[in-house]
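Please look over the sequence and the model below before reading on.

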Amino acid sequence: QVQLVDSGGGLVQAGGSLRLSCVASGRTFSRYAMAWFRQGPGKEREIVARISWSGGRTYYADSVKGRFTISRDNAKNTVYLQMHSLKPEDTAVYYCAADPVPGLNMPGEYDYWGQGTQVTVSS
């Protein structure tokens with residue numbers, strides 16, 4: 001079992017940066033692939049980025065590629081999403097997610113979720 005608590009959201013101006021954090025509890029955190037999803041107002045939940053057990057493989061949605069970086073520190077049981085050059089369209093609730101199966105992109109495929117943290121980007 002894995003429990004996730006995500007944090008770090010807030011209000012930022014367009015072009016600014018934020019770093020989201022997700023702290024996991026559980027003794028086998030390092031064996032779980034981790035991902036960040038987001039859900040904007042009136043939109044479906046979509047994947048933003050994911051990272052493998054070791055951190056050696058990552059995936060980014062085209063909309064954030066080059067601006068966002070996902071990383072993990074297994075010693076701290078934490079995954080991060082560093083966001084730069086934020087745009088108003090990045091405004092959403094961001095959720096971290098975990099699953100023992102790597103390479104998953106759909107929210108229904110993930111077993112464990114954080115509570116969500118709000119990111120609002122003003123123009």
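The questions and answers that follow concern a predicted model.

Q: Which cysteines form a disulfide, and how far apart are their sulfur atoms?
A: A pair of cysteine sulfur atoms counts as a disulfide if they lie within 2.5 Å, and by this rule the count comes to one. The link is right-handed, with 55° about the S-S bond, and joins strand 3 to strand 9 across 74 residues. Both Cys22 and Cys96 are buried. The partners are Cys22 and Cys96, with their sulfur atoms 2.1 Å apart.

Q: Which residues have the most contacts inside the largest nonpolar core?
A: This core has 30 residues, and among the elements that give two or more residues to it are strand 4, strand 8 and strand 9. Leaving aside neighbours within four places in sequence, Leu81 is in contact with residues including Trp36, Val48, Phe68 and Tyr94. Those with the most contacts inside the core are Leu4, Trp36, Leu81, Met83 and Tyr94.

Q: Is Tyr110 buried or exposed?
A: Tyr110 lies in the loop between strand 9 and strand 10, and its ring forms an edge-to-face pair with that of Phe37, 5.3 Å centre to centre. Because buried means under 20% relative accessible area, a value of 5% makes Tyr110 buried.

Q: The charged end of which residue sits over the ring of Tyr95?
A: Tyr95, in strand 9, pairs with Trp113 in strand 10, and this pair is edge-to-face with 80° between the planes. Tyr95 counts as buried at 14% relative accessibility, whereas Trp113 counts as partly exposed at 25%. The charged end over the ring of Tyr95, 3.8 Å from its centre, is that of Arg45.

Terms used:
Residues numbered from 1 in each chain as written. Predicted model: local features only at pLDDT ≥ 70, side-chain atom pairs only at ≥ 80, totals over all residues. Heavy atoms only, no water. Core = buried A, V, L, I, M, F, W, Y, C linked by side-chain atoms within 4.5 Å. Buried < 20%, exposed > 50% of the residue type's maximum accessible area, 1.4 Å probe, protein only. Helix = DSSP H or I, 4+ residues; strand = E, 2+ residues; numbered from the N terminus. Contact = heavy atoms within 4.5 Å. Phe/Tyr/Trp six-rings, centres within 6.5 Å; stacked < 30°, edge-to-face > 60°. Lys NZ or Arg CZ within 6 Å of the ring centre and 35° of its normal.
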